[in-house]
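Subject: Structure handover

Hello,

Here is the structure I said I would pass on. Please open it first, then read the notes below.

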Amino acid sequence: MRPYFNFARVATQEVVPVLLELLAKQDEDATDDEYNVSRAAYQCLSLWAQTVGSTIVPPVLAFVEKNLRTEDWHYRDAAVSAFGAIMEGPDEKMLDPLIKQALPVLIQMMDDANVQVKDSAAYALGRICEAMPESIDQNDHFQPLITALFSGLSSNPKMAASCCWALMNLADRFAGDPGCQTNALSAHFQASVQHLLQLTESTNDNQLRTAAYEVLNAFVTNAANDSVQMVASLSEVIIDRLEKSIPMQQQVVSVEDRLTLEEMQTSLTSVLIAITQRLEKEIQPQADRIMQLLLSLLQALGAKSSVPDTVFAAIGALANALEDGFEKYMQSFAPFLIAALNNQEEPQLCAVAIGLVSDITRALEASVKPFCDQFMNGLLNNLRSASLGNQFKPAILQSFGDIAQAIGGDFEPYLSVVAQVLQQAAGISAQTEAVAGGAQSFEMLDYVVSLREGIMDAWGGIIMACRMGGKGDLLRPYVESVFQLLQTVYQDVNRTEALLRSSMGVVGDISEAFPSGEFAHYFRNEWLTAMAREIRGNKEFSPRTQETARWAREQIKRQAGSESGHASKHPRSFIAALPNFPGPGIEPILALRLNYWATPRHSASHATPYRPVPSQNVAKSTCTACLPTTTNPPSSISTRTRTSILHPVACGFPVYYATNAVRISHHGNEHPP
C-alpha cells in the first residue's frame, strides 16, 4: 500500500482560508460555462472536503458565520458557496445539525437582492438534497423549500439551472419506495405541474424552458400511485403541444429558430418518455395517437436533426409498455428504424437504433421474426464498419442474444455467423489491443470488459434459444470456445460483477442445454469450481449475483458428478439447499436460476442501465415426464427478471419461481409465498 502522509489534513489550516478568500473573487459578468478563479476555488474546496473529511468543517463554518450577513454580496455569495461545497466528505452526524440549522437561512437567501447570491443559494440547496437528503425534514422544510425553488425558477433565467437541479434532487429525495401509494410530492404535484406548464408556455427564454421541462420529467418519474391520474391528464397537454410544433417546421427562417424549435421538441418528447414509463400499460388508450405523432415527427424532421434520437427513445418506451401490442406499428415504423440502423454517418442515431432493436425484439418476442433479416444485416454491417467506434460492439453483441431469445429455434440461420463473430471477439484482450494500437489504457480495459459482457449476454440468449427450440445439438461445436472464454474471464483481474454474473449464467445455461453430461469434463475443471465459489462467497456482490453463482455451483456439481456421460437426475445436495423444502412425497424443482439476465446494459429508452425482459420469457416450461405444458406467469412477476427451469420429474409436481415472492405450480396455479 502506498504510504499515507496526511499532507492535505496537516495543511488544512493554511490552505482552506486561502480558498475561502478566492471564492469571493467572482466575476458577475461571467457566463455559465466560463471558468474563473472563484469557480476553481469552489472545486478545490469541494475536493479538499472529500479528502480531509470533518477537519474542514471548523474553518469553513467560521467563514460562513462571519460573512453570511455581510453587506458585500461577494462575501455573502462566497459564504453560501462554501457551505454547499463541503456536503461530501465530513461525517454525516457532524453535518446533520448544521444543515438543519442552515436550511431556513438558505431558503431565506433565495430572496436575496443579488441574483448571484440567489443562484448560489439554490445550488447549495441542491447539494444538500443530493448529498444529505435525510437532513431535510418533510414537515419542517419541504413546503418552504419547494416554494422557494419554484419561485427562483421563474424569477430569473440565470437561476434556472441551479433551481432545476435542486428540484430534481428534491423530487428524488421524497419519491418514497417504488410503487408507493402516496409520497411527499403528492400534495404538491398538481400545483407544481401547473406552475411548470405555465412557465414553459409563457417564457421566451430557451434555457429556462428547457430547465422547467427537466423538472417536469423528475416529478412525473417520481409520482406516487395517487398522482397517476394527473400524469395521464398531463400526457394530453404534452401530446397537444408536440402536435402543434410540427407545422412550425415550415416557419423556421434561421438556424437559431431551428435550434430553438428542436430543443423544445426534444424537451416535450422527453416528458412523453417519462409519462410512458410511469403509466406503463395504462398508456394504451393514447398509444395510437402517440405513435402517429412520433411517426409524423420523423417524417417532418430534416437531415442532421438531433430530435430523432429522442423520438426513437420514446418509441422504445412505448414498445416496452405495450409489449406484443406494439406489433401493429411495425410495418409503418420499420423503415425508419432500418434507415437509422444503417446510418453510419450519424453514430449517435445509429447507437440509439441498436438499443431500440433490442427493446422492440424483447417486446414482440416471436412476432419480430419477419424483421430479423434486416435487423441482423444491419447489426453485422455495423459490427464490421470501420467508421463506428468500438463502443458500439458490446451493444450489438447483446442485441444478438436478445434476438435469439425472442425467436428461439428460428435463430438457426444466423447461428454460424454470430458464433464466429463471438469467437473472434473473445480473442480480443487489452494486451493484444495494446500491441496493435500503442500503450494499454484504462479505456481499453473498460472496452474489453464491456465486450466480454456482450459476448456472455449473447451466448446466454443463444443457448436459451437453442434449448427451448429443441436444437441444443447446434451448440456442440461452440461449447469448448465458451469455456475457454470463461477461463479467460476467471484469470483476468479486470472484470466486473456484471461480467461474472453473466458468466455464471452461461455456465448454468450450458448445463441445462446438455443435461445428460455430454460436456461434463469441462465442468470438472478446478478453476470453474473455484470461480463459482469465489463469486458466491464475495460479500461485496449483490444477492442476485451470489444467487446466480450458487445456482451455477449446483449445476457444476451435478455435471461433475455424472457417470458415463449421464448426469444424475436427483441432485439431493441441491434439493436440500432449496428454501421452503416441500417435504417428503413431493419432488421439488431440480434447478433454479434467478435474475442473472437483468444486467446493466445499453438501452435506447431508459436512463437507468437496466433493460426489461418481457414477462413471457419468465415462465415457459416443459415437463420432462409428461406432455409439453406452458405456464403463464401472473402480472405480479417482474418483467426485469428471467428465470429458467429444469422441470419436475412428474406431471403435477410444483415448480417454484422465486420471483417477487410468487410461487406457481406446474400448471400455473398461484400459491402464497
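What should the 17 residues of helix H23 span, and how far apart are its end C-alpha atoms? Helix H23 covers residues 497–513 and should span 24 Å at 1.5 Å a residue, and its end C-alpha atoms are 24 Å apart, so the two values agree. The expected span is 1.5 Å times one less than the number of residues. Helices are DSSP runs (H or I, at least four residues), numbered from the N terminus. Of the 17 residues in H23, 16 are buried (under 20% relative accessible area; exposed is over 50%, partly exposed in between; 1.4 Å probe, protein chains only).

This is a predicted model: local features need pLDDT of at least 70, side-chain atom pairs count only at pLDDT 80 or more, and totals for chains, interfaces and linings use all residues. Residues are numbered from 1 along each chain as its sequence is written, and side-chain values use heavy atoms, with hydrogens and water left out.

The protein chain has an average pLDDT (the predictor's confidence in each residue, from 0 to 100) of 82, and 81% of the residues score at least 70. Over residues 564–673 the pLDDT is below 50, and this stretch has 259 contacts in the model beyond near neighbours in sequence (contact: heavy atoms within 4.5 Å). Where pLDDT is low, predicted coordinates should not be read in detail.

Two single residues follow. Ser81 lies in helix H4, residues 73–85, and counts as buried because its relative accessibility is 12%. Leaving out residues up to four places away in sequence, Ser81 touches Tyr42 and Ser120. Val18 is in helix H1, residues 7–23, and is partly exposed, with a relative accessible area of 47%.

Regards

Conventions: Helices (H or I, at least four residues) and strands (E, at least two) are DSSP runs, numbered from the N terminus.
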